[in-house]
Amino acid sequence: MELLPQFVVLCALCGAGYGAQVIQYVPEILQANILGKVSQTTFALEQPNCVFDNIQPSCVLCEIWLVVDNITTTSDFDSDMDNLTPSAAMYQNFLSNGFYITVKTARNDYRCLSTMSPTGQVYTLRVGDESPCTTTNCNAPLETGTVVRVRYAMINPLVTTNNVVAVTQWSNDIQLRNAVDRNIIDTSTRRSGGMVVITTILSILLFLLLLLFILMLALACCNKSTGYPGPLSSFGSLREYNTHSLQNPQTRFKQNL
C-alpha cells in the first residue's frame, strides 16, 4: 500500500513526456497541379482533413496548429511539447528556438468533407503567406532557400501542462527555392527562328504602311495644286465690227467730191 502513491507519481511523470498521441499521418506538399507549390518563401500543404476527427472528440475547443521546424538548427519542439504555448513558440523566436507554431485552426475546420469538392477547387494550407507579420504567431514568409519540415499539433488551450493532445508525423524535408544570382543571368540577346520570322513580317508591313502613307500624301498635294480654276481666256463673246469709214478714208473722200 505504501508503494501505491509512489507508483502513481511515477506514472504521472512518465506520462508527462509522452502524453501526446502520435498520429500516423505525414504532411505533404499539395498534390494538385498548380503553380507555385514551392516558391522562394512559401509552400503549399495538403490540409489534414479527417486526421483529427477521432482524437478526443470531447475536446471541442482544441486547436490545430502547424509546427514549422528548421532542420538546419537544433529544435526545442520535442522538449517544449509538454508545455507548449503560442507565446513560447512565436515566429519571432524561430532562430533561437529552431521552430514556431502558426496557422491556428479550429478542429472542425479540418473535419472530413461530406461532399466532393467542386471542380477546380483546391483545399490547401500555404505556409509563409502572411505579409506583413503583425501577430506573434503570424504565418510570415520564410527565408529564401530554407530547409524545413512540418507537423500538425492538436493543442488544448484550456490547460497549460501536457496541453499537446496529439501530433502527426514530421513531413519530409521541404527545400525552398533559391533566388538566382543576377550576375549569372544570361542577358545576351537570343532570337529563335520564330522570332526572326515575326520580326521580318512586321518590318515588311511597316515598310508597306510607310509607302502607302507617302503615296496618299503625294496624291493629296497634286489635288491641291490643280484644284483651283485657271484664268479665263475671254470674257463674254467679243463681236467684230467692220468700220467702213476707217478702212479707206481716201476713197470715201473722193466719192463725196
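**Confidence and cysteines in a predicted chain**

In this predicted model, mean pLDDT (the predictor's confidence in each residue, from 0 to 100) is lowest in helix H1 (residues 3–17), at 38, and highest in strand S2 (residues 43–46), at 95. Helices (H or I, at least four residues) and strands (E, at least two) are DSSP runs, numbered from the N terminus. Residues are numbered from 1 along each chain as its sequence is written, and side-chain values use heavy atoms, without hydrogens and water. As the model is predicted, local features need pLDDT of at least 70 and side-chain atom pairs 80 or more, while totals for chains, interfaces and linings use all residues.

Me: Which cysteine does a disulfide join to Cys-50?
Reply: A disulfide here is a pair of cysteine sulfur atoms within 2.5 Å. Cys-50 has such a partner, S to S 1.9 Å, and that is Cys-112. The pair links distant parts of the chain, 62 residues apart, with Cys-50 in the loop between S2 and strand S3 (63–70) and Cys-112 in the loop between strand S4 (99–106) and strand S5 (124–127). So the partner of Cys-50 is Cys-112.

Me: Is the disulfide of Cys-133 and Cys-138 right-handed or left-handed?
Reply: The sulfur atoms of Cys-133 and Cys-138 are 1.7 Å apart. Because the torsion about their S-S bond is about -85°, the disulfide is left-handed.

Me: Is Cys-138 buried or exposed?
Reply: Buried means under 20% relative accessible area, exposed over 50%, partly exposed in between (1.4 Å probe, protein chains only). Cys-138 has a relative accessible area of 0%, so Cys-138 is buried.
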